[in-house]
Amino acid sequence: MSLKDQITEDMKTAMRAKDSERLGTIRLLLAALKQKEVDERVELDDAMVVAIVDKLIKQRKDSIEAFVKAERQELADKEAAEMKVLQTYLPQRMSADEVLAEVKAIVAELGASGPGDMGKVMGAVKTKLAGKAEMGTVSAAVKAALAG
């Protein structure tokens, strides 16, 4: 069963359970997936679905930060609940040590030597670690590997 099919099944389960908060978040995710399919005229595979989920989670993190600064805790809590539901659709994430080890292997493989090669390394790392690691962690690992 593809990830998209799993999300659709989870929506049906949430409808039957009358879990309105979970249902709303899943519908939001399905709308984002459908929008991507319509805009780009493609059938989404699991990697593309994970990328969209990642993007939605990043939006939630940014919103939580903004709501906390504006002292709107109830809105921050709502966003946090949505983020928790979205995170269930992500694959198991790699630890920072695992990310660093992967990045070092890719740097060695590409023969990258300094900060000037960051773009080349990030391109290779993004394709290999897409959905497996948070890109902020990956970026920091690439900088560390190229600096030292």
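Tutor: Let us begin with α2 and α4, whose crossing is right-handed. Please keep in mind that this is a predicted model.

Student: At what angle do α2 and α4 pack, and how far apart are their axes?

Tutor: Helix α2, residues 20-40, packs against helix α4, residues 73-87, at an angle of about 65°. Their axes are 9 Å apart.

Student: Which residues meet there?

Tutor: From α2, the residues are Arg22, Thr25, Ile26 and Leu29. They meet Glu82, Val85 and Leu86 in α4. By class, this contact of α2 with α4 has 4 nonpolar, 1 polar and 2 charged residues.

Student: What does Leu29 touch, if I ignore its sequence neighbours?

Tutor: Leaving aside neighbours within four places in sequence, Leu29 is in contact with Ile7, Ile52, Val53, Leu56, Leu86 and Tyr89.

Student: How many residues are in the largest nonpolar core, and which have the most contacts inside it?

Tutor: The largest nonpolar core has 23 residues. Those with the most contacts inside it are Ile7, Ile26, Leu29, Leu33, Val49, Val53 and Tyr89. The elements giving two or more residues to this core are α1 (3-17), α2, α3 (46-69) and α4.

Student: Which helix gives the most to it?

Tutor: That is α3, with 7 residues in this core. Apart from this core lies another one, of 15 residues, which includes Val99, Val103, Ile106 and Ala133. As a general remark, nonpolar side chains tend to be buried together in soluble globular proteins.

Student: Back to α3, then. How does α3 run relative to α4, and at what angle do they cross?

Tutor: The axes of α3 and α4 cross at roughly 160° and come within 9 Å. Since angles over 145 degrees count as roughly antiparallel, α3 and α4 are therefore roughly antiparallel to each other.

Student: Is that crossing left-handed or right-handed?

Tutor: The crossing of α3 past α4 is left-handed, whereas that of α2 and α4 is right-handed.

Student: Which residues make the contact of α3 with α4?

Tutor: On the α3 side they are Val53, Leu56, Ile57, Arg60, Lys61, Ser63, Ile64, Phe67 and Val68. On the α4 side they are Gln73, Leu75, Ala76, Glu79, Ala80, Glu82, Met83, Leu86 and Gln87. By class, the contact of α3 with α4 divides into 11 nonpolar, 3 polar and 4 charged residues.

Student: Now the later part of the chain. What are the angle and axis separation for α5 and α7?

Tutor: Helix α5, residues 96-110, and helix α7, residues 135-147, pack at an angle of about 50°. Their axes are 9 Å apart. The two helices are therefore oblique to each other, and their crossing is right-handed.

Student: Which residues of α5 and α7 make that contact?

Tutor: From α5 come Ala96, Val99, Leu100, Val103, Lys104 and Val107. From α7 come Thr137, Val138, Ala141, Val142, Ala145 and Leu146. The contact of α5 with α7 has 10 nonpolar, 1 polar and 1 charged residues.

Student: Changing topic to the loops: where does Lys132 lie?

Tutor: Lys132 lies in the loop between α6 (118-129) and α7. Its relative accessible area is 43%, so Lys132 is partly exposed.

Student: What is Lys132 in contact with?

Tutor: Leaving aside neighbours within four places in sequence, Lys132 is in contact with Gln92, Arg93 and Met94. The C-alpha atoms of Lys132 and Ala47 are separated by 9.9 Å, although these residues are 85 residues apart along the chain.

Student: Which value of phi does Arg41 have, and where is that residue placed?

Tutor: Phi of Arg41 is near 50°, a positive value in a residue other than glycine. Arg41 is in the loop between α2 and α3. At 76% relative accessibility, Arg41 counts as exposed.

Student: And what about phi of Glu71?

Tutor: Phi of Glu71 is also positive, near 55°. Glu71 lies in the loop between α3 and α4 and counts as exposed, at 71% relative accessibility.

Student: To finish, how many helices and strands does the chain have?

Tutor: The protein chain has 7 helices and 0 strands. Of its 148 residues, 33% count as buried. The C-alpha atoms fill a box of roughly 55 × 40 × 25 Å along the principal axes. Among contacts between residues at least 6 apart in sequence, 57% join residues at least 24 apart.

Note on methods:
Residues are numbered from 1 along each chain as its sequence is written. This is a predicted model: local features need pLDDT of at least 70, side-chain atom pairs count only at pLDDT 80 or more; totals for chains, interfaces and linings use all residues. Side-chain values use heavy atoms; hydrogens and water are left out. Axes are lines fitted to C-alpha atoms, for helices over the stretch in contact, and angles run from 0 to 180 degrees between N-to-C directions. Helices (H or I, at least four residues) and strands (E, at least two) are DSSP runs, numbered from the N terminus. A crossing is left-handed if the near helix is turned anticlockwise from the far one by less than a right angle, and right-handed if clockwise. Contact means heavy atoms within 4.5 Å. Ala, Val, Leu, Ile, Met, Phe, Trp, Tyr, Cys and Pro count as nonpolar, Asp, Glu, Lys and Arg as charged, and the others, Gly among them, as polar. A nonpolar core is a set of buried Ala, Val, Leu, Ile, Met, Phe, Trp, Tyr and Cys residues joined through side-chain atoms within 4.5 Å. Buried means under 20% relative accessible area, exposed over 50%, partly exposed in between (1.4 Å probe, protein chains only). Angles under 35 degrees count as roughly parallel, over 145 as roughly antiparallel, 65 to 115 as roughly perpendicular and the rest as oblique.
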